[in-house]
Amino acid sequence: MYDLLAALSFLPLKPAPWASGDQRGGLAKRKGLSSTAMHLLDALAALAVSEPDDVYTTALTLPPQTLALYVSAQAPVPATATKHLQNIWSFLQSAPSESDVLLTGHRYGFVASQMRYSWKALRGRLQVDGAIVIATLTTALAQLPNHGMPTTPSPQGQDQSRRDQLGETMREPLTRLLQSVQNLRTGVLSSGVLEDSVLLRAFSEIGQLHKLVFGPDATERLLSDLEFLAGAPLSKLLARIVWLAEPCARLWSLMSSSKLGAIVSHPFNVIVIPPLTRQVVVSLDKHRLFSAAAGTTTTPELCPGLADLLETYVFHRVEIVLTGYQGDPTSTDSGALNVPLHPELALLAHLDSLLYDPYPYIGMSEPACLLCHEYIATYSEVSWRRESHVRGSDCHLPFPWVAPSLHGNHDARIMRDFVDLVSAMFASACFEIYTHLGTSG
Ligand SMILES: [Zn+2]
């Protein structure tokens with residue numbers, strides 16, 4: 001199966017509409033999940049991030065069980081993160097309800113303490129991701145066609161005419177966006193002593209930037225036009241920079257809600273799930289992959305061309321990657337790879353082993369990869385025991401990736417359905433690239 005995942009990660013896959021985007025509204029409607037609980041879990045995961053590359057996931061068990069927050073991350077969860085989560089819980093518990101002035105002061109205190117905790121991650125992300133965003137936006141701006149200048153015909157045809165049209169409308173939003181990222185980056189990187197005023201000013205700049213890119217007035221269109229002009233996926237980088245805006249605003253508004261009060265009134269326990277690694281053997285089985293690729297090909301004459309295409313675009317690259325991994329110190333003598341489980345799957349495996357039902361939602365500091373999303377969806381469909389859901393996927397395909405080993409006899413059934421699903425994705429991606437190359441000559 002793992003050669004299939006490696007092969008898939010080399011193919012251009014269209015974002016899966018059922019997995020991409022924010023699914024929390026749909027989960028509330030279809031599955032009756034509580035928006036408050038979902039947003040709380042996602043917020044707690046995002047707010048636990050203290051290093052630039054942290055990914056956190058969270059889950060809850062609610063009364064009548066003992067209320068507990070389960071936390072897993074890529075690296076072992078440090079004691080500072082546990083303490084910080086306890087601190088947030090206390091903030092939520094002690095939100096004053098009798099006076100707006102007191103509540104506002106309380107909320108500012110919460111944001112300042114959060115910013116102090118996340119400062120290192122924010123600096124790190126602004127240093128790296130911020131620099132890439134600024135460079136990309138600067139280039140995109142410089143390449144916008146000048147207003148009123150005759151445009152030269154270009155071999156790219158359609159792309160050039162879309163570029164010309166966008167030149168008129170995109171200069172202003174691009175400039176504003178660039179300025180906002182530069183302000184935030186300069187402010188954060190140049191600040192010395194972290195007074196509350198510095199932290200709150202940075203938070204307000206994050207809020208403005210978030211509004212500009214992801215706010216209700218910023219349409220999907222702005223981001224897709226921007227990524228077209230920049231020729232690079234900027235939304236993920238921007239999301240990494242402004243990751244605090246949404247969860248802070250969400251908890252801020254939930255602080256006065258009775259639904260949250262019902263959850264946070266209980267004593268709080270944090271249960272840390274250690275990272276898990278599994279050993280997998282990856283060997284390239286060309287015959288099986290070819291059968292998987294041809295699975296949905298209805299016209300047999302495609303097959304010879306498909307074999308050539310797989311050889312050139314997929315098998316060759318998979319071989320290079322696998323050879324590279326065999327030289328990797330983490331792989332064993334027998335060529336098996338030690339692959340860390342993504343934290344949401346380590347968490348799922350732990351929740352699966354509980355004797356009582358956890359809340360059927362896993363909070364994440366960022367959207368899941370497509371494989372984790374699909375694995376968890378398969379788990380919910382196939383497992384007779386319980387469900388779990390996540391807020392959505394950014395549809396990236398990581399390699400290497402590994403599935404968890406679950407308790408009970410549903411492990412094999414889940415894997416069978418998951419492999420079928422991945423095979424179907426592989427077949428459709430192969431078909432897509434085959435027809436694209438076929439028509440473009
Ligand atoms: Zn994943």
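This is a predicted model: local features need pLDDT of at least 70, side-chain atom pairs count only at pLDDT 80 or more; totals for chains, interfaces and linings use all residues.

Visitor: Good to know. What's the order of the strands in that open sheet?
Guide: The four strands come in the order β3-β2-β1-β6, and the pairing is mixed. At the edges are β3 (269-273) and β6 (363-364), each of which pairs on one side only.

Visitor: What holds strands together in general?
Guide: Strands of a sheet pair through backbone hydrogen bonds, in either a parallel or an antiparallel way.

Visitor: Okay, and how do β1 and β2 run?
Guide: They run antiparallel, joined by six bridges. Ala-59, for instance, has Tyr-70 in β2 as its bridge partner. A hairpin of six residues links β1 to β2.

Visitor: And in which sense do β2 and β3 pair?
Guide: β2, residues 68-73, pairs with β3 in the parallel sense, over five bridges. There, Leu-69 stands opposite Val-270 in β3.

Visitor: How many residues of β1 are buried?
Guide: Five of its six residues are buried, so β1 is largely enclosed by the rest of the structure.

Visitor: Which strands does helix α3 lie across?
Guide: Helix α3, residues 35-47, lies across β1 (56-61), β2 and β6, and runs at about 140 degrees to β1. Helix α4, residues 79-93, also packs on the sheet, where it touches β2 and β3. The direction of α4 makes about 150 degrees with that of β3.

Visitor: Let's zoom out. How many helices and strands are in the protein chain?
Guide: The protein chain has 16 helices and six strands. Of its 441 residues, 34% are buried. As for contacts between residues at least 6 apart in sequence, 81% join residues at least 24 apart.

Visitor: Now some helix pairs. At what angle do α5 and α7 pack?
Guide: Helix α5 (residues 100-142) and helix α7 (residues 196-214) pack at about 90 degrees, and their axes are 9 Å apart. That angle makes α5 roughly perpendicular to α7.

Visitor: Which residues meet there?
Guide: From α5 come Tyr-108, Val-111, Ala-112, Met-115 and Arg-116, which meet Asp-196, Leu-199, Leu-200, Ala-202 and Phe-203 in α7. By class, the residues in this contact of α5 with α7 are eight nonpolar, no polar and two charged.

Visitor: I'd like to follow up on Leu-199. Is it buried or exposed?
Guide: Leu-199 counts as buried, because 22 C-beta neighbours lie inside 10 Å and the cut-off for buried is 20 or more.

Visitor: And what does Leu-199 touch?
Guide: Leaving out residues up to four places away in sequence, Leu-199 touches Ala-112, Met-115, Arg-116 and Leu-194. Leu-199 and Trp-119 are 80 residues apart in sequence, while their C-alpha atoms are 8.5 Å apart in space.

Visitor: What about α14 and α15, how far apart are their axes?
Guide: The axes of helix α14 (residues 343-353) and helix α15 (residues 370-382) are 10 Å apart, and the helices pack at about 20 degrees. α14 and α15 are therefore roughly parallel to each other, and α14 passes α15 in a left-handed crossing. In that contact, Glu-344, Leu-345 and Leu-348 in α14 meet Cys-372, Tyr-375, Ile-376 and Tyr-379 in α15. Those residues divide into six nonpolar, no polar and one charged.

Visitor: Changing topic: where is there a cis peptide bond?
Guide: The bond from Pro-63 to Pro-64 is cis, with omega near 15 degrees. Pro-64 is in the loop between β1 and β2. Another cis peptide bond joins Phe-399 and Pro-400, with omega about 0 degrees. Pro-400 is in the loop between α15 and α16 (410-440).

Visitor: Why point those out?
Guide: Because most peptide bonds are trans, and most residues other than glycine have a negative phi.

Visitor: Then which value does phi of Cys-395 have?
Guide: Phi of Cys-395 is near 65 degrees, a positive value in a residue that is not glycine. Cys-395 sits in the loop between α15 and α16. Cys-395 is partly exposed, with 18 other C-beta atoms within 10 Å.

Notes
Residues are numbered from 1 along each chain as its sequence is written. Two strands pair if DSSP finds at least two bridges between them. Helices (H or I, at least four residues) and strands (E, at least two) are DSSP runs, numbered from the N terminus. Two residues are in contact if their C-beta atoms, placed from the backbone, lie within 7 Å. Axes are lines fitted to C-alpha atoms, for helices over the stretch in contact, and angles run from 0 to 180 degrees between N-to-C directions. Angles under 35 degrees count as roughly parallel, over 145 as roughly antiparallel, 65 to 115 as roughly perpendicular and the rest as oblique. Ala, Val, Leu, Ile, Met, Phe, Trp, Tyr, Cys and Pro count as nonpolar, Asp, Glu, Lys and Arg as charged, and the others, Gly among them, as polar. A residue is buried if 20 or more other C-beta atoms lie within 10 Å of its own, exposed if 12 or fewer, and partly exposed in between; C-beta atoms are placed from the backbone. A crossing is left-handed if the near helix is turned anticlockwise from the far one by less than a right angle, and right-handed if clockwise.
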